[in-house]
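Here are my notes on the model you sent. Please read them with the structure open beside you.

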Amino acid sequence: MDIFAGDIVYSKAGRDKDKVFVVLSVLEGQYALLADGRLRRVDKPKKKKLKHLLKSGHASSYIAEKLSEGMKVTNPDLKKVLAEFLNDVDA
């Protein structure tokens with residue numbers, strides 16, 4: 001399973017099961033740092049094993065571009081991206 005920074009994923013396990021997150025980075029090939037801008041903020045991301053994540057099939061090119069250029073990703077950026085994703089899914 002290939003997960004990259006900027007991907008939108010669902011949590012498959014843990015107390016955050018079925019919640020949506022944006023991948024901020026992938027560590028050591030088996031962990032990812034996740035944030036949603038609300039409960040899990042950019043300054044304190046969730047470290048989760050890749051096997052506990054489910055790809056949504058969507059990625060935020062805006063977030064991926066900011067991360068690749070070394071720019072700071074903010075909590076409002078994540079909230080906006082996830083709100084747009086959830087509106088598209090519900091529609």
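**Notes on the fold and selected residues**

1. Start with D77. Leaving aside neighbours within four places in sequence, D77 is in contact with Y62, I63, K66 and K72. Contact means heavy atoms within 4.5 Å. D77 lies in helix α2. Helices (H or I, at least four residues) and strands (E, at least two) are DSSP runs, numbered from the N terminus.

2. A word on the source. This is a predicted model, in which local features need pLDDT of at least 70 and side-chain atom pairs count only at pLDDT 80 or more, while totals for chains, interfaces and linings use all residues. Residues are numbered from 1 along each chain as its sequence is written, and side-chain values use heavy atoms, with hydrogens and water left out.

3. Is D77 buried or exposed? D77 is buried, with a relative accessible area of 13%. Buried means under 20% relative accessible area, exposed over 50%, and partly exposed in between (1.4 Å probe, protein chains only). The side chain of D77 also makes a polar contact of 3.0 Å with the side chain of T74. A polar contact is a pair of N or O atoms within 3.5 Å; within protein, one must be able to donate a hydrogen and the other to accept it, and residues adjacent in sequence count only if both atoms are side-chain atoms.

4. K66 is one of the contacts of D77. K66 sits in helix α1 (residues 61-68). K66 counts as buried, at 11% relative accessibility. Not counting residues up to four places away in sequence, K66 touches M71, K72, V73 and D77.

5. Now the whole chain. Its secondary structure comes to two helices and five strands. Along the sequence the pattern reads β-β-β-β-β-α-α. The radius of gyration is 12 Å, close to the 12 Å that the globule rule gives for 91 residues, so the chain is as compact as a globular protein of that length. That radius is taken over C-alpha atoms, and the globule rule is 2.2 Å times the number of residues to the power 0.38. The C-alpha trace spans about 35 × 25 × 25 Å along its principal axes.

6. Burial and surface. Of the 91 residues, 35% count as buried. The accessible surface of the chain comes to about 5,700 Å², and 50% of this belongs to carbon and sulfur atoms. Accessible areas come from the Shrake-Rupley method with a 1.4 Å probe; for residues, only the protein chains shown count as cover. Among contacts in the chain with a separation of 6 or more, residues 24 or more positions apart account for 47%.

7. What is the strand order of the open sheet? The five strands run β4-β3-β2-β1-β5, with antiparallel pairing. Two strands pair if DSSP finds at least two bridges between them. β4 (46-49) and β5 (53-59) stand at the edges with a single partner strand each, so one side of each is left without a neighbour in the sheet. From one strand to the next, the twist averages 45 degrees.

8. Helix α2 (residues 75-90) packs on this sheet, touching β1 (7-11), β2 (20-27), β3 and β5. The direction of α2 makes about 125 degrees with that of β2. Axes are lines fitted to C-alpha atoms, for helices over the stretch in contact, and angles run from 0 to 180 degrees between N-to-C directions.

9. Look at β3 next. Four of its five residues are buried. Four bridges join β3 (residues 31-35) to the antiparallel β4. A32 stands opposite K48 in β4, and L34 stands opposite K46 in β4. β2 and β3 pair in the antiparallel sense over five bridges. L34 in β3 is the bridge partner of V23. The hairpin of β2 and β3 has three residues between the strands, and E28 there takes a positive phi near 50 degrees.

10. Two glycines to check. G6 is found in the segment before β1. G6 is buried, with a relative accessible area of 0%. Not counting residues up to four places away in sequence, G6 touches V22, V23, A59, S60, I63, A64 and L67. G57 lies in strand β5. G57 is exposed, with a relative accessible area of 67%.
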